[in-house]
Amino acid sequence: MGEGAVNIVLFGPPGAGKGTQARILTERRGWPQLSTGEMLRAAVQNGTPLGKQVEAILAKGELVTDAIVIGIVAERIDRPDCAKGAVFDGFPRTIAQAEALDKMLAERGKKIDLVLELKVDDAALVQRAEQRVKEAQAKGEAARSDDTPQTLKYRLEVYYKNTAPLLAFYSRQGKVVTVDGMAPIETVTKAVARVIDSKRGWFARLIGR
Ligand code: AMP
């Protein structure tokens, strides 16, 4: 990854900190955050046909179909703000999604440059979801319908069954770098920045810049 487009997948279970780190990367590096979860929640909030179709699925913590999320992402990555790359947050979540993403990027002369895994203990994930509910309540906002302890447990099961196998998929492509997601936010942000900059430095040396 050089001066051209940089496409990064943030990988990890629900509550690992993908959204937080994606927002920081957007702020500091200008790559847009592509969160399929946020796009789907916005569709639900706006009462669009898509929102009506997925509302119950999101509330249960199930995955929506590959076709739906692949369609959303295909449309999103063609917007001009993705020309310099993007940070994928919560996508891909299945092997079929990862294969579709590789294909749609390849068709555009791009690829996934880096998969950043945020590693966090399950117990911490439960605490973080509880924290997220409290923070929403304190701000007078509605908590996410899927942040209840029971739904979170189910989302973790879905993660281990459908999404965790993607790590092997991306490891085979030599793209995975793991960061300790248990550390405080600023520490994780620094570790993420180090990984990205060392990858970019390596590429720059390779092409003799
Ligand atoms: P998130 O905000 O990433 O935790 O996503 C919230 C919910 O949106 C998930 O529990 C799923 O119901 C749905 N969702 C988000 N991204 C995907 C995806 N890539 N594949 C299938 N379902 C998704």
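In which crossing, left-handed or right-handed, does H2 pass H3? The legends below take up this point and others in a predicted model.

**View 1**
Taken along the principal axes, the box filled by the C-alpha atoms is roughly 50 × 35 × 30 Å.

**View 2. Confidence of the prediction along the protein.**
The average pLDDT of the protein is 92, and 94% of the residues score at least 70. Among the elements, strand S2, which covers residues 33–35, has the highest mean pLDDT, at 98, whereas helix H9, covering residues 185–206, has the lowest, at 85.

**View 3. The packing of H2 against H3.**
Helix H2, formed by residues 36–45, packs against helix H3, formed by residues 49–60, at an angle of about 115 degrees, and their axes lie 8 Å apart. The two helices are therefore roughly perpendicular to each other, and the crossing in which H2 passes H3 is left-handed. On the side of H2 the contact is made by Leu40, Arg41, Ala43 and Val44, while H3 contributes Leu50, Gly51, Val54, Glu55 and Leu58. Sorted by class, the residues of this contact of H2 with H3 comprise six nonpolar, one polar and two charged.

**View 4. The packing of H2 against H4.**
H2 also packs with H4, here at an angle of about 100 degrees and with the axes 11 Å apart, which makes H2 roughly perpendicular to H4. From H2, the residues Thr36, Met39 and Leu40 meet Ile68, Val69, Ile72, Val73 and Arg76 of H4. The contact of H2 with H4 is made up of six nonpolar residues, one polar residue and one charged residue.

**View 5. The packing of H4 against H5.**
Helix H4, which spans residues 66–76, and helix H5, which spans residues 95–106, have axes that come within 10 Å and cross at roughly 25 degrees. H4 and H5 are therefore roughly parallel to each other, and H4 passes H5 in a right-handed crossing. In H4 the residues Asp66, Val69, Ile70, Val73 and Ala74 meet Ala96, Gln97, Ala100, Leu101 and Met104 in H5. Eight nonpolar residues, one polar residue and one charged residue form this contact of H4 with H5.

**View 6. The cis peptide bond between Phe91 and Pro92.**
Phe91 and Pro92 are joined by a cis peptide bond, for which omega is about -5 degrees. Pro92 lies in the loop between strand S3, residues 85–89, and helix H5.

Key: Residues are numbered from 1 along each chain as its sequence is written. This is a predicted model: local features need pLDDT of at least 70, side-chain atom pairs count only at pLDDT 80 or more; totals for chains, interfaces and linings use all residues. Side-chain values use heavy atoms; hydrogens and water are left out. Axes are lines fitted to C-alpha atoms, for helices over the stretch in contact, and angles run from 0 to 180 degrees between N-to-C directions. Helices (H or I, at least four residues) and strands (E, at least two) are DSSP runs, numbered from the N terminus. Angles under 35 degrees count as roughly parallel, over 145 as roughly antiparallel, 65 to 115 as roughly perpendicular and the rest as oblique. A crossing is left-handed if the near helix is turned anticlockwise from the far one by less than a right angle, and right-handed if clockwise. Contact means heavy atoms within 4.5 Å. Ala, Val, Leu, Ile, Met, Phe, Trp, Tyr, Cys and Pro count as nonpolar, Asp, Glu, Lys and Arg as charged, and the others, Gly among them, as polar. pLDDT is the predictor's confidence in each residue, from 0 to 100.
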